[in-house]
Amino acid sequence: MEKISSENPSIEKTKFIKSKGLKDKPHNYCPGCGHGIVHRLVAEVVEELGIREKVIAVAPVGCAVFAYDYWNFDVTEAPHGRPPAVATGIKRILPENFVFTYQGDGDLAAIGAAELIHAANRSENITIIFVNNTVYGMTSGQMAPTTLLGQKTLTTPHGREVLRDGYPIKVCELISVLDGARYVARGSVTTPKNVLTTKSYIKKAFLNQIENKGFSIVEILSMCPAGLDMEPLETMEWVDKELIKYFPLGVVKDV
Amino acid sequence: MKKLIQGNIALCEGAIDGGLEAYYAYPITPQNEISAYFAKVLSKQGKVFLQAESEVAAINMVLGTAVTGHRAMTTSSSPGISLMQEGISYLCGCELPCVIVNVMRGGPGLGNISGSQQDYFQSTRGGGHGDYYHIVLAPYDVGEIYEFAKESFLLAEKYRNPVMIIFDGYLGQTMEVMDKDSQEGRLNVKLEEKIDKSWVLDGCKSREPRKIRSLLMVEGMLEELNWKLYEKYRKIKENEVRVKLENVEDADLCLVAYGMSARVAKSAMIKLNNEGYKIGLIRPITLWPFPEKEINKVADKVKKFLVVEMNLGQMVDDVKIAVCGKGEVSFYGRPGGALVKESEIIENVKKFLSK
């Protein structure tokens, strides 16, 4: 839908133009899920930078594997946690193409922690879009490496405990100490302002790759109402009030 | 031109002559000569060499290069190949061509660093999850290592499927004369049609976007993929079986062995035949697809088969299936990185024949 007619047919205003980076297909994500917003931001930046025909994206294991049905460019699947290694294999052989991974907190910070750290350390000229909603969504809501202390999940029914479960991992801060990490930023998609700021982070991270600056990662605090067992609006408020306290927003590193 | 060369280095030269474009691997003995060689040579040629952080990462880097339709390879030894099994399952599910080399060592667990053939089951049964197969080539001398490495990419691309080359650590370390101009040992891969590249991901310029996946959630789709793979495997079985038969026509007993075991078995056969025994040798070159029909045909005349392996008895199961009750199948082997002995093969043959 490109144009919406107002009540007066003589005045036609363009209110929303769908990015060419997205296929014209409805998403199957749950109501209130953040993936739809993040997919769109990525697609818009791809279109604005004119790189759609150069993109080879790597989809994760988890709900967002279906990104390959929604984005209007080449996408491959990868085993759980392995997108940074798969992206390395693509970018090394096709350095002129644009390669990014899209990963959740379990994929990136638990099972794929080794691949993440070493891709960053080699300063692979790739970009990682990291969606942190503090929970394993597709498998119905288990504790993630980023689950907050005290947070209740399917596998922490009485809340996450330090002695048993350890601390939530601050991925941006962890990665930023590696010399290979060039651009590290954390945004959220809870308010229009946050959405716009996050989009500017994604754009900067993508430009870094185009300018051959090396490894960039953008963490995006997002909502998973189904996995967190909350109403959509409640989830947004929770991200704004609780999550941001532990995972502060902003550019963590830019060199 | 003839030259003296080590098995592991012959593999490198074969892969380069076969068009290798990217190599990813993690250190493990007994195959470290391979990455040392590629580290020196590939970057100079403008090709990709990368030491991965693990075998898990290495096989997924191979997967990344494979989705672009370029020629990628990884090499490892037994424990490292175990770590790659998840990736190999994905490569088969996504129908991606690539070459994986296992220079086998003794197991289970950390085992040792001697040569072994203990990964036969893992290689020929699809060592990861799901119903899948990949072609398994078993060279038995340095010349064959070179030729198989050279043609393996073509074979992989012909079927959009991984190809695995397996040999034991002893053969990898063996220095012998190789002649690149010789026709011997060539696989002679035949192409009926041009290799299809309409699936590769290289950016959707002037075409519709593509996706590569093995996740098929819609009812019936995964079953459909599995039947498609089944049909592919059927074609591979029909076209790609390779086996070497020696003195089987009027033999009273056939030895069945591959790789290094086949070399020892061959010298035992020669000694026994000089003593007046009638002994043949069946040497499977493709371990999957297995030369089932060929062995079954031999069993029309030959009624005794002694399988020789550097393990506790793995290929012997396939030989029993192939012989299908037409004759007796016996086994001699040594596990744990021990080399089979010519004298023990001879002893076992004589005992078996006198029964």
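Predicted model: local features only at pLDDT ≥ 70, side-chain atom pairs only at ≥ 80, totals over all residues.
Which strands of chain A does helix α8 (residues 192–210) of chain A lie across?

View 1. Residues are numbered from 1 along each chain as its sequence is written, with chains lettered from A and ligands numbered from 1 in the order in which they are written. Helix α8(A) lies across β5, β6, β9 (181–188) and β10 (215–221) of chain A, and runs at about 160° to β9(A). Helices (H or I, at least four residues) and strands (E, at least two) are DSSP runs, numbered from the N terminus.

**View 2. The open sheet.** Eight strands in mixed pairing follow the order β11(A)-β9(A)-β10(A)-β6(A)-β5(A)-β3(A)-β4(A)-β9(B); pairing requires at least two DSSP bridges between two strands. At the edges, β11 (250–254) of chain A and β9 (211–212) of chain B each pair on one side only. Strands β5 (residues 98–104) and β6 (residues 127–132) of chain A are parallel over 5 bridges, and A:Q103 stands opposite A:F130 of β6(A).

**View 3. Helices α3 and α5 of chain A.** The axes (lines fitted to C-alpha atoms, for helices over the stretch in contact, with angles from 0 to 180 degrees between N-to-C directions) of α3 (residues 83–93) and α5 (residues 113–121) of chain A come within 7 Å and cross at roughly 40°. The contact (C-beta atoms, placed from the backbone, within 7 Å) involves A:P84, A:A85 and A:T88 of α3(A) with A:E115, A:L116 and A:A119 of α5(A).

Methods:
Contact = placed C-beta atoms within 7 Å.
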